[in-house]
Every structure is written in C-alpha cells, then in structure tokens.
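I opened my notebook and listed what to look up. My entries follow the structure below.

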Amino acid sequence: VLIHQGDAGWKPRHESSCLARPVRSFFLMILATLTACEGDFSGGVLPSLPTTPLLPGGGAAGGTASAGGSAGGMVATACTGTPSVGSNTVRHLTRWEYDNTVRDLVGVTTNPSAEFSAEEEALGFINNSASLTTTPSLVEKQLAAAEAIATTVTGRLASLRWYTCNPATDTENVCAVRFIDSFGQRADRRPLTDPERASLFLLFQQGRAAGGVDANGMAVSGFLAGLQLVITGALLSPDFLYRVEASGTPGPVTDLELASRLSYLLWGSMPDDTLLTAAVTQQLHTPEQLATHAERMLRDDKARAVVKEFHKQWLDFDRVHNAGKARAVVKEFHKQWLDFDRVHNAGKARTVFPEWSATIADLMEAETGDFVVRTIFDGEGTWDALMTSSSSYLTQPLAQFYDVPFPSGTGVQRVAFDARRRAGLLTQGSLLSINAHSNQTSPVHRGMLVRQTFLCEVLPAPPASVNITVPEPMPGSTERERFAQHSSDAACTGCHQLMDPLGFGFENYDGVGRWRDTESGKPIDSSGMLFGTDAHGPYQGPVELARKLSTSSQARGCYVKQWFRFAYGRGEVAADACTMERLNAGFQSSGRDVKALLTSLTQTDAFRTRAGDAP
Amino acid sequence: MKLSRRVMLKGASGAALSLPLLESLGCTTAKEPAEQLAKAQSRQALTFPKRIVFFYTPNGNLELPPTMDFAGSHLEPLTRYASKMVVLKGLDLLANDLGPGEPHQQGMALLTGRRLNTGTQVGGDGSLSGWAQSVSLDQHLANAIGTTSRFKTLNVGVQSTQYGGTEVRTVLSYLGNDQPVANETSPWSLYNRVFSQLGADPYGVARLRQRRHSVIDYVKDRFDQVKPQTSRADQLKRTRGSKRESGGEGKMPRGEMVVVTAFCARGEVASARVKRRQWAEECSATGPTKVSVDGEPIGSSSIASKQLTPGRRQIELVNEGAGISDKPFIDIKSGETLKLNLTLKELELAIVLRTVGTALLPPT
C-alpha cells in the first residue's frame, strides 16, 4: 500500500485485484491528507467506476421518438428462462441515502451530508452508479461528518435501543464489545467477521488512549472516546459508504445483498433488524419471500390500531416509521424524475407576477410531494390517477394563490379542483412554473417536459446558427402569436412542431401555474397537437392531453423505465429486456398500480441476479 | 515572504489561506502530542506559496478593457491585482465544437485542451458526454507550485449545482482523465474547511490527528478486504499497472528484499517498459537518484537494494539534476510491486519499488 505523498506526480498503484482498488487508494490518499502528516492531497487516482453500456442505438435517455414504444421498446420475447441482467457497478450512497441510513443506524437526524458535494445527474436521476464520483472535498467532508456523528451519538448512548450496558456490572471492555457487535453489523449491513470485530476493538482501544471531545469541545472519558473512534471508522468503511456486493460470476444475489437491495429500493436506507434476520437465516431469496417483505415494507399504518401488546406496539411503531420511509422513496423518485423541487429556482419577474414568492415556491414543492405520496399511498395508487386526478393536497395560502376554494380546516387539505382545469401531474403549479419563463409561459419548455420526461424521448438541440432569443411579451399579443415564427421559419419547424403545438395546450396556465381564460385581452386558444407516439392527434387543453398520455403505452412504458433507472441506479441495457418486459406486463395487469410496480421491481432478474463482468 | 506562526495564529487570515496550517503543527503520527507541539514550535517561519487564480465565466463576457486599467469596466473590483493579472482576449473556444456532448458541456473542457469522453451525462439538448480526458491547466500548474499547501487548489463555483449536481457543465478542473474536481459552492463551508483549525489548541489538533491516523489504518484494512465486482475497465487498469507477483499465500514472510529502481522517461511512456539503455540516454542529463530508507542511504538508481521487514517505511528520493526530492511512505507487503511516478519539469521520473517475498531475516 502506498500512501500518497506530497508531490504532484506520485500516482499510487495498488495492486489488489478488485474494483475497490482505485476507490480504495484514492479514499485513503485523501484520508491521509487530512492528517496533514503524510503529505497533502494533491491529485491522484479518482475512482473511475466502469460505465454501463446503454441500449444500442437507443441512447441513454431512451432513444428517439420511436424508441419508447409499448413494453418500453423491448421485444416481447425477451424472457427465455435464463436470467439475464445488465451489469451494475458498486453503488455509493447518495446524500439522501446517507442521511436516511445515519438516521436509522444511530438516530441522528441533523442532515449530516448537507455539505457533501451534490451528486451528478445522469439519465435524469442522481443515483446512477456509474456517475457517482468521489472527490477530495467529498472525502474530507465525509470524515468531518463521521466525526460529528460519533460525537453526537456518544453524547446520548442511552437512546440506542440495541445497546445495553450496565456500568455497575459490566466492564468497559464488555460494553465496548457489545457496542461493536450491535453497531458494527448494522453499519455494515451484515454480520461482522471475527477479524473485523477485532479491528474495531483495536480502534476502540486506540480511541480510548488518544482521548476525545464532546460536542462542546470538552474532554470525554476514555470509554466514550473509544466508541467515538469505532463509530467514525465504521462510517468511513467501504461497507457503509458503498453497497458492496460479491464479485464475479453471474448468478443469484445473496440473501444479505438482497436485504440491502430491498431496503435501499423501498426505504432509501439500511435494512431493519427483521430484514437482516431474514437474510442471515437464508429466508430472503425466493420471489415470494421478497414480495412478502416488500409488501411489509410498503404497508401503511392502518394496522396500528389493532395491535395491543407492547412488543407489537414497538413493531407497529417501526412499521409506521417504515411506511414513512417507503413514502419518502416514492417522493424522492418523483422529485428526481420531475425535478419539481427546482421550482425554487424559478425566478419570476415581480412586475409581471407580484404574488409570486419563495413561500409560494415552497408550498408548490410541498404540494407536488404530497400529491404524489397521498395519491399512491392513500388514494387510488395508480399511474392513471397520477395523470388525471382533479384533486390535490395544499394549504390555504396556495389555494388562494391558485384562486380555488379551500375547505375548512388548517394545514394541508385535499382540495378538489374544477375537473375541467386540473388533471394530475401535468397541471401541478410547480411543473408549470418551472417550465415557463420569468415573465411569460413557455410552450417550448412545456412541450419538452412532455416529450422528454413523460415520453422518454430525446430532442435535438437548436442548430448553433439559429437566434434563440425568446420574444418578449408585448401588449396586445399572445404567447401563441409570438411563437408563430417557429412554425413559419423552416429552420425551426422541423423540431418545434414536436414541442410548440404540444405546449400550446397548456396556455390556460400562466407562467406561475394559475388558470387564465384570456391573455392580453384575447381569449386563450388551448388547442394542441401531439405529433407522433401512440397518442398522436389533436387535443383541447391540458386535461385532455393528460388523459391521452395516461392511456399511452409509450408514456406508461416511460414511467416504468424511469423507475427502473431509479431503482437499480443505472441505465437499462439490452440484457435487461426480460426485466423490462416483466415490469411492463406486471404494471399493466395490476391496473398500473404504483406500489405493485415497486414490489415487481424486487422480482426481476435485474434485482435478484448478478451479471458477470462487463463485456 | 515570511510569516511567523504567531502572526498567523493572531489572525492574518488572508495570508494564512494558503499556508500549510496543519503541516506547521508537526507531522509524525506516532509521537505524543507534546512532542509534536515542541516540533511545531521549533518551526518559526513559513514560506508563503505561489498561487495562481483562474476566473472563468461562461456564456460570454462584457467587452474587456483595452488596457490593464480596469476602471469603469466589469473588472474594476480587481484593479488592485491588475499588475499580477493576465487577461486573455480574442481566444476561440474551439473546445465548443469538439467531441461528444453539446457546447455547454464541450466548452467546459477548455482548460484541458481536449475533447470530452463519451458518457451518460445529459446536456441541455439531450446530448451525452462524459468527463474530460486529461488534467486541466490549473491543476497542472498546481502540481508544480501548490504542493506545499494542505490545499493544493481551492475550487469555488457559483451556481455549480445549477443542474442538480456536480456534472460536466459545472466542472472546470480535472486532476486527470475522468477525475473531475468538484466546486465548493458554499462560502461558509469553504471558510470552515480552510480555517476551522486555525488558532485551535495545538494539543487538540495533535490529538485529532492521532485519532485520524487510527481511523485511516482501520479503513485501509477494510478496503483491503473488499472484493466487489471486477470489470473490464478495471482489469485494463490493472494490466497497465505493475504486475503483482505471487507471494507465499498463507505464509507470513519474515523479511523482504526491497529493490528500488529509479529511471526516467519522457511524456506518457509507461515507465516500466522503458529499457535500461533508453533510460541511460534520457537521464544522463539528470544523473542518478539517491535513495534512502528510513533516513538511511541505500544507494542510487538505477538499482539500490535493501532488506526490510514488512511494515511502513519512508523512502527518500533525491535527484539533484532534476531538482526532485520527495519522501513518500510505503507499506511493505509480501510479493507486491509498487510503482511511483513523479513528474516535474517535463520529466517523468518513475521509481519502481519491488518487494520480493523472501525470508532472509530472522523472525522479529
């Protein structure tokens, strides 16, 4: 092992035979830097994780207008009986997963990853395993976060339900070993080996000898200082920061690996004790076992009232918590897919939209999150409902902003909109505001939203020579009139006919998502046209467009494809054809139930088997 | 420029930005805090390192001032630095038309002078690209002038998470192929990173360092144990690296023969393949590299050798002709070949440390 030393050109060449090598050497190099003793961090080998080849010809984002197709563009005979799966790379916890995991591990809810550098977005999601990189500042911050968490945890050891220690009867070493055993296997998400236990105990002893400080900078006892180091080390170990799986030949994923796959898919966090126990006892590999756990994990809190005994109450409490975690995953998926949180960046001209404010943006983001989660977990739970529901969940100030009646009560309420004006996701204020300019709407962006996000199409860029200045609003003119150049100029028409006529159908919504019947004194013309796709044809207004899309095989296949990418942290490849086919067929036969889709994601080749080395 | 440590701790913060803060407090891990403190106090002066600053604003600029008089221009806030600045004008951003991706992606590779890799990052128009292919100019220069600081470079960006995360459209700096350097976007976070230990209790800092060393040792072991999937790309890298020789598996070697070979090569030639004769020709100008282990001279390149027991050693390499001097640490393990590359002044000096599994020494 070579620890990096100060000068620039030293490049470590660690020769162990595994993927972790570059990750490892880089990570250590940076850690070494942080001691400022063995030299500075000044360059070196970044973990360059191998990338996953994408669908041939289809491109990363699902290909051209024809590639969406039914069954996600896959041929219908992909399932031959032999498991087939695209290869994956080691997955690094995202910031969101890191925070969730720390919360479930030690109860720290201070958003410790807040200062980590943001993940790179690939294929619309930030958890693409091939794209997550480790940078010097990230490792530095991971170290600082681990130390801070360790300090917090040792300040409230009593709150850890899995840690018992009686200072009156147990020696410090006994307590330390108990802590290491309980904490270590949770942090690593698998039982510890004896050498691992021993090395954590060594760390404890070193920490005890070196001493530490509490959150206020005051010295703490040697025992607590030892535990601090155990926690710090565990939170920097590869088994914690990465989702480490066995290497090598194609075949089934082990029970323990499936436990983590399940928990990060459905909870965005570490497995609970029930899952780990099932895995350790080899009860977590058949499709039925996986489905049973998936359903348990997705279950809501309705069973709570019937459970009486203390132990069951505790489990029930856990279940409520877990149901919340599954909701959080669903919300996270839709947030990344639709980017509705970017409504905060949707700067609006105060002169044009004086009612717009950061508060309204907050409320809009909350509305879309609530709409998604409640529709899926408390409502019909289907894709159709996501696309066509005329109700949403919002607070009084936002209802006032939209100028819709608000029911009695406070806080978030279910608000029934005029069914002729509202239809699901496409008409959410957040998406309408994001996909608009600061002082007017943008049929182009709204058309692109439908094409790229809901139909998984990729649109070409405007040619470099074209003037893409947006026409400014003028008194007496409408948006549709101003964008007419796109249909009269031959240089624009080819592409813009895919977007503008599609986006014109949203003109009843102004640049901040409020309904309007007129613009510049003229009545709104909300007739639109969707060229191509299986939903080809004219439509009138967003409600009709939403209905068309809700029944489109391409749009449904796109939604499934987006879940694939989010759930498995990679793009789909040709070898995943069977997985895609089964997901699409299952989605259709369940009546497009989203929770059923999540369970289906645990049943596929892509979830249960491992590919060999990348070709 | 010289600064006493006391001045620095008093809060000469602007100057301290680039000072090797922790370095000043002593270095060796095994020593007690008091010993480290004494060492730190014995170092009374610090050298102020050279710095170079790159500003880049995308999407075009206002007209640049015709002279270095910035008054009235958008560079006016930089007036007091004008004498130290070079303003580049009239450049064509050729990177904008090269390789994979769309112009907003392509243009960001400007400091690398090469096109982007292919990849899966989606640009504004759906084009796909990867990270850049090679080191960027700023990092290249920092490799030469920034190595005495704890922070070789500080990368700061505005709206660098504009697209939701660190991605090719927001990264200007690269350590090398596929090695982006992410920007710090929070001034507060940057401040904490640089100054958090400034003025801290030296005993506390020393203790912190000691604890971190224990953590590093632990994490190092854990990474050793990880055996995840291999991949073709990884195998490729492994092949390119030096070859691992088979050690006696299961046997604890009692002693190791360390053979240190040092030679130089130009450009990106894989150093290990350079033949001795070629080395002799190319390196005649620089002369041999002196090699010491743990402070004890063991000879000069091209071959120097010493028997060592496994464990951590400090190798010192001095090439007076090339002006190269460094003291890397190595961990001696059974049957492992290590190769170190050092680049300076267009010269790549490759040091090969080859440990051969033997049992020459009596048990320790």
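Accessible areas come from the Shrake-Rupley method with a 1.4 Å probe, and for residues only the protein chains shown count as cover. With that I looked up chain A: its accessible surface comes to about 22400 Å². Carbon and sulfur atoms hold 55% of that surface.

I noted the ground rules. This is a predicted model, in which local features need pLDDT of at least 70, side-chain atom pairs count only at pLDDT 80 or more, and totals for chains, interfaces and linings use all residues. Residues are numbered from 1 along each chain as its sequence is written, chains are lettered from A and ligands numbered from 1 in the order in which they are written, and side-chain values use heavy atoms, leaving out hydrogens and water.

Next I checked the confidence. pLDDT is the predictor's confidence in each residue, from 0 to 100. Chain A has a mean pLDDT of 77, and 76% of its residues reach 70 or more. In chain A, residues 300-322 have pLDDT below 50.

Then I looked up the fold. I found 24 helices and 13 strands in chain A; these are DSSP runs (helices H or I, at least four residues; strands E, at least two), numbered from the N terminus.

How many of the 615 residues in chain A are buried? The buried share is 60%, where buried means under 20% relative accessible area, exposed over 50%, and partly exposed in between (1.4 Å probe, protein chains only).

Last, I turned to chain B. Leu137(B) sits in helix 5, residues 137-145. Leu137(B) is partly exposed because its relative accessible area is 38%.

How values were computed
Contact means heavy atoms within 4.5 Å.
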